[in-house]
Every structure is written in C-alpha cells, then in structure tokens.
Amino acid sequence: MIGLEDRQALAQDIGTAHAAGARLHLACEVAGIDVRTLQRWKAHAGLTSGDGRPQAVRPSPSHALSPAERAALLAVANEPRFASVPPARIVPMLADEGVYLGSESSMARVLREHGQNAHRGRAKQPKASRPPTTHIATAPGQVWCWDMTYLPASVIGMWFHLYLILDLYSRKIVGWEVHATDDSVHAAHLVRRTALAEGIATMTTKPVLHGDNGSTLKATTVLAMLQWLGIKPSYSRPRVSDDNAYAESLFRTAKYRPEFPTKGFASLDEARAWAAGFVHWYNFEHRHSGIRYVSPGQRHCGEDHAILAARHALYLQAKQRNPARWSGLTRDWSPIGPVTLNPERDAVVNMAASAHHTQQKAA
C-alpha cells in the first residue's frame, strides 16, 4: 500500500512529466503504478484522505493514548480487586475515586491488544431479550420482586432454600432468609419482617409484590399475610418463564460470584453467612449496570443523583484536557428514570413518570 505522502509525490511527478510531453501511461509505468490507479486516486479523494481500505496502515492520531497511559490502564485492569470486573464497571469505580485514565472502549482495546479481552467471570456473556409487560416503579418501595432458589449442600441431594425480596426501582435486596426447608411459613415471615424494616405501614400506597407461580409464594398463609400488610400480590403469567426477570437475574449474579462454593455448603449456618456477605456486597459495593453503575443502596437512598453529577463533572474536565478524544458529547451519566418489571410502551412509562405510582395487574 502506498502512503498519502508518497501518493501525492507520485501524482505530482507524473503530472510534471505528462505536462512536459510524456505519455500518461508511460509516466505511470515508470512510477510503478497503473493509469487506473492514478484515476482512482483523483476520483475518490485518494490524494487527500489516503487509502480507505480497512487494512491500510495509517499514522497514529495525535490524541491517541501514550504508552504510559496504556500501561496504566493495563496495570489497573490487572489489579486483584478488578480481576473479575469488566471495563464497563472498572471505569465508573475509578471515577468515584476521582481517577480517570480512559474510556471503557480504550481499556477494552488495550486488553484486547494484550490478549486479555476474554469475558471476565464464570458466567457466559449476556444475551439481549425482550420480556413481556407488567408493573412500573418510579421510586423505591413501589414494586418488589421475590423468589426462592436452591443452594446446594455438600451432601448430594440436600439443598438449602434462599428467599430474596428485591426492590424493582433501586435493585436493592430489602429482605432475605435462608432455611433448610421450603415452607410458606418462611415466606410469610420474610414478607412481614421486610415490611417492618421498610416501614410500609406509613406509606399511603403499599407496594406490589411480584413473584412466580410457585406453590410456596401462592400459599394461603402468604396471601393472608399480604392482605394483612396491605401488599398487593402479582404473579407471572402462565407459560411465561421470564416474567420475573429481575429476581432470576439476581440469583444468577449470586451463584456466579467467585466466593460461591462450587461443592456446596457444609451447613445451614455457612449458607446464611455466605448469603449475608453476598447481600452486603450486592447492596453497597456492586456497581449495577442497570442503574448507571451505582450501588443499589446508593440509588435506594437517593445518593445516585449526586454521584452521577460528580461523574459528569469529571468527564467534562477530562474532555477539556483532551478534547480531541471525544467526537461528541461525554458519556451520559443522567439518573435512570422509571423502571418496568418488563419493557413497556413509551406512552405508558411516561404516564407512570408523571403520576405518583402506577400499578397494573399482571395479565
């Protein structure tokens, strides 16, 4: 491939020779190119923009990361605390510490050049899906999701049962328990304890509690407790496996944590200790991708607005230092608005955002 400067020099020499009386095809032959090549250069801006083919060798842009900056990005990505964290979470975590080394794409490129672009963590890469319609939350305490999952014991055939209640708006785990058996009494006790902890007795509008069609969550004991608390039950629609997607996603996150014992829990106390550690990490340390990479605890208490505003200011400062590295606006750090249990039409979401609370019965 011929570089831009060499192209311009060849074209000028050929033009000079042709103006002096030399035949064009002979001048091109002496220069080592074809007449059609010269014509293509002139017709497609080849003498001003250079070679447009993807495999063309081009000079490094002036605003590219320096070797020292690339080494700093690689060193941070290989720190022990970021061993199982992707660039999409590393950059916001550094921003909260007042550190900006580069964008997520820059870090991903550096990792790819060093053969470290594999998906981090034990889970497979997520795939986009389009779940059906249900409730909308515009603030914490409006819609809860709950479910139960099995935790394997070290004894084959034995399981412990983890119950979790998740706030849809903030993604915070507001209630959890681990038991040796699956019983509706445990579920009813968890709902009552969570309601007291979240203070729903003082709320004008009680939350909706969405769950699957499991027999435990639909038992008479649970329904009686929900009615006494004023909580409105909601259940997944028949033959819709992903109607409780947020709770299922939470369980997936839990079971793919590095500290999750692959050989099972030795005792009920060990399972409860692990669950307590996971809930604390998830609520206060985990940067959730669905809420602009703030922790669920920060969003639950309303701190996410100040954190995201600080990130926005940091990005503006970084853009002022190196404006050539941004082709447009900085990253969008505006807070996430209303959250649907499953995607809804824009008109319904906007209506819910303008109202205090929207509760729709599941179909």
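Here is a short chat about the fold of this predicted model.

Biologist: What should I know about the ground rules, and how many helices and strands does the chain have?

Modeller: Residues are numbered from 1 along each chain as its sequence is written, and side-chain values use heavy atoms, with hydrogens and water left out. As this is a predicted model, local features need pLDDT of at least 70 and side-chain atom pairs count only at pLDDT 80 or more, while totals for chains, interfaces and linings use all residues. Helices (H or I, at least four residues) and strands (E, at least two) are DSSP runs, numbered from the N terminus. On that count the chain has 13 helices and seven strands.

Biologist: What share of the chain is buried?

Modeller: Buried means under 20% relative accessible area with a 1.4 Å probe, protein chains only. Of the 363 residues, the buried share is 42%.

Biologist: In what order do the strands of the open sheet run?

Modeller: Two strands pair if DSSP finds at least two bridges between them. Five strands make up the sheet, with mixed pairing. The order is β4-β3-β2-β5-β6.

Biologist: Which strands stand at the edges?

Modeller: An edge strand here has a single partner, so one side of it is left without a neighbour in the sheet. That describes β4 (173-179) and β6 (232-235).

Biologist: Which residue in β6 stands opposite Leu 209?

Modeller: Strand β5 (residues 208-211) runs parallel to β6, and four bridges join them. Opposite Leu 209 stands Pro 233.

Biologist: At what angle does helix α9 run to β2?

Modeller: Helix α9 (residues 245-255) lies across β2 (143-152), β3 (159-167) and β4. Axes are lines fitted to C-alpha atoms, for helices over the stretch in contact (heavy atoms within 4.5 Å), and angles run from 0 to 180 degrees between N-to-C directions. The angle to β2 is about 40°.

Conventions: Buried < 20%, exposed > 50% of the residue type's maximum accessible area, 1.4 Å probe, protein only.
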